[in-house]
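Reader: I would like to learn how to read a structure like this one. Please show it to me first.

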Amino acid sequence: MLRFLILLGFVLTLYLGGREVLQGRLTVGTYGFMVFIVQDLLWPFTFLSEVMDEYQRAMASVRRVMGLLDTAIAIPHGNNSLPIEMIAGKVQFDHITFAYNERNDILKDLSLQIPAGATIGIVGATGSGKSTLVKLLLRFYEVQSGRILVDDIDIRDLNLFDLRRCIGWVSQDVFLFHGTVAENIAYGSFDASHDEIIHAAKLAEAHEFILQLPQGYDTIVGERGQKLSGGQRQRIAIARAILKDPPILILDEATSAVDNETEAAIQKSLAMITQNRTTIAIAHRLSTIRHSHCIYVMDDGQIVEQGKHEDLIALDGIYASLWRVQSGIH
Ligand SMILES: Nc1ncnc2c1ncn2[C@@H]1O[C@H](COP(=O)(O)OP(=O)(O)OP(=O)(O)O)[C@@H](O)[C@H]1O
Ligand SMILES: [Mg+2]
């Protein structure tokens, strides 16, 4: 609009001034001067539009920042602190029921006890609520009824930082940040030394492929880790969890994208790492959780079978049929 008005002003000056000159009422010198002076006068107005533009953008940002600051905190901190050294790692889900907002119940009156230091496996059909269960333990959402206890303390009474510091979580969809490989592994354990990072990467079977990257540990992984393959991202996430050295470790489909040989190698490291550490392993590939202390089969938000691998095979239920499909025994 502003530019259009300037153009209009300029054209009018040319036209009207030109007419005056032709009729002899204005000298050519004055006319020329007028044309230039009008230009000089009008052009600065374009800055006005830039100022308006900047102002609008700044206001939009301010509104967003203020909106964020005003957002009520959905998950409040509890008052009890639980130093990481004092955590034994006992986890208990006590009759929990949960639904994402305005949806049907995903978990229905589910109870589960994990003794400190035990390794349990969770299997179940896709969408049966396995990932939801561990997200509740991390307190990303609040249960509608029931309690979740860590070392017999309700997690709602715990300081969120303490709770999350004691849990290492390899999520199903790995999140890497735009930074170097080393920074991504050390995310969450920021004071780790370079040697510790390499050690963790070796345990996660990531060391070798990292060395083959253009700048090794200093290679930038790209936004969300897009310059790495799915299996490479998973191994970095495992290294991150190993480096954190948490009393409770959650592996949600942690090795689903790596080949069988690498998986076997990772399993060997994990067997060592998960000793004396509470571990919750979620897997579709049953071979990865076969040796757990206890395996839970989830279906439709409930635990329908539980026990050791051999017991569940003998039970001849869902687990046994899954095992038959995967091992090819009919
Ligand atoms: N953030 C969310 N908001 C609403 N519904 C969700 C959300 N996350 C998951 N769900 C729903 O909850 C149900 C359970 O999801 P969940 O991720 O726990 O399944 P899962 O057992 O981990 O499945 P998979 O084996 O595929 O990982 C699904 O039906 C899903 O649609
Ligand atoms: Mg899942």
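Reader: Is Gln-172 buried, partly exposed or exposed?

Author: Buried means under 20% relative accessible area, exposed over 50%, and partly exposed in between, with a 1.4 Å probe and protein chains only. Gln-172 has 42% relative accessibility, so it counts as partly exposed. Ser-131, at 16%, counts as buried. Before we go on: this is a predicted model, in which local features need pLDDT of at least 70 and side-chain atom pairs count only at pLDDT 80 or more, while totals for chains, interfaces and linings use all residues. Residues are numbered from 1 along each chain as its sequence is written, chains are lettered from A and ligands numbered from 1 in the order in which they are written, and side-chain values use heavy atoms, with hydrogens and water left out.

Reader: Which protein atoms are the donors of the magnesium ion?

Author: Donors are N, O and S atoms within 2.8 Å of the metal (3.2 Å for Na, K and Ca); water is not among the atoms, so sites may look incomplete. Here the magnesium ion, ligand 2, has Ser-131 (OG) and Gln-172 (OE1) as protein donors, 1.9 to 2.2 Å from it. The two are 41 residues apart in the chain: Ser-131 belongs to helix α4 (residues 130–137), and Gln-172 to the loop between β6 (167–170) and α6 (181–185). Helices (H or I, at least four residues) and strands (E, at least two) are DSSP runs, numbered from the N terminus.

Reader: What polar contacts does ligand 1 have with His-284 and Tyr-141?

Author: A polar contact is a pair of N or O atoms within 3.5 Å; within protein, one must be able to donate a hydrogen and the other to accept it, and residues adjacent in sequence count only if both atoms are side-chain atoms. A polar side-chain atom of His-284 is 2.9 Å from an oxygen atom of ligand 1. For Tyr-141, a polar side-chain atom is 3.4 Å from a nitrogen atom of ligand 1.

Reader: Which residues of helix α12 are buried?

Author: In α12 (residues 318–327), Tyr-319, Ala-320 and Trp-323 are buried. They line one face of the helix, because seen down its axis they fall within an arc of 95 degrees. The arc is that of the directions from the helix axis to the C-beta atoms.

Reader: What is phi near in Arg-139?

Author: Most residues other than glycine have a negative phi. Arg-139, not a glycine, has a positive phi near 65 degrees. Arg-139 sits in the loop between α4 and β4 (145–150) and, at 2% relative accessibility, counts as buried.
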